[in-house]
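Hi everyone, thanks for coming. Let me put the structure up and we can walk through it together.

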Amino acid sequence: MVRTRLVGLLALLFVAVPVVSGAQDAVAPAAASGDEATHQALRGIKQDMEDALNKQDLDRLLSHLHPDVVFSTMNNDVRVGKDAIRAYYAEMLGGPNSVVKKVTAKFDVDALTRLYGNSGVAYGSSLDHYILSDGTDLVVNGRWTCTLVKEGDQWLIAAFHYSTNVFDNPLLTKVKNAAMGFGALVAVAALGAGFFIGRRGRRPATA
């Protein structure tokens, strides 16, 4: 249950990711030149949010979110609005029963943010380092997609979705290892029980 809730936090970090602009793949030179100021602004926002996340500065993170932001986590949780994001952050990282003790992240993009007038779509990957409250140390590779909107002269994150490989990730590895360890313990216990039961069954009858 704790690990499942942790997976949800992975998404929380990535409300900071999507505003980055990266490589110029599949972008026409004229369009790239005309939108350069926008992409420079998005790069600045990305860096500010990455720094804020790594310093656990929630107010700075929230300042870049749309008031009605929709945040979909990897454990199928959905949070809508800044207050819901703040509550989720406190639950997972800042509260007395939080799952995560510390988190740092490095965000990368696959291409420039795709711009559609006053909206845009960004996508990429992330490398995230978690230290859990129980001392567990995890490094997770994630993928993210984000929708941005421009209100006035400010770009804001309106929607964000985060995922990781459900068939190959450190949480799954830990579950598998735990299952194998439990299975070995059960096998040893079964062998021990069989040994003692066998000895009792072979005990000679007394006169």
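What does α5 span between its end C-alpha atoms, and what would a straight helix of 13 residues span? This is a predicted model, where local features need pLDDT of at least 70, side-chain atom pairs count only at pLDDT 80 or more, and totals for chains, interfaces and linings use all residues. Residues are numbered from 1 along each chain as its sequence is written, and side-chain values use heavy atoms, leaving out hydrogens and water.

Back to the helix: α5 spans only 16 Å, while a straight helix of 13 residues would span 18 Å at 1.5 Å a residue. That expected span is 1.5 Å times one less than the number of residues. Helices here are DSSP runs of H or I, at least four residues, and strands are runs of E, at least two, numbered from the N terminus.

Now, which residues of α5 are buried? They are A84, I85, Y88, Y89, M92 and L93, with buried meaning under 20% relative accessible area, exposed over 50% and partly exposed in between, using a 1.4 Å probe and protein chains only. These residues sit on the same side of α5 because they cover an arc of only 135 degrees around the axis, taken from the directions from the helix axis to the C-beta atoms. On the other side of α5, D83 and G94 are exposed.

Y88 also has a partner. Rings of Phe, Tyr and Trp (its six-membered ring) pair if their centres lie within 6.5 Å; planes under 30 degrees apart are stacked, over 60 edge-to-face, the rest tilted. F71 and Y88 are edge-to-face, 5.8 Å centre to centre with 75 degrees between the planes. F71 lies in strand β1 and Y88 in helix α5, 17 residues apart.
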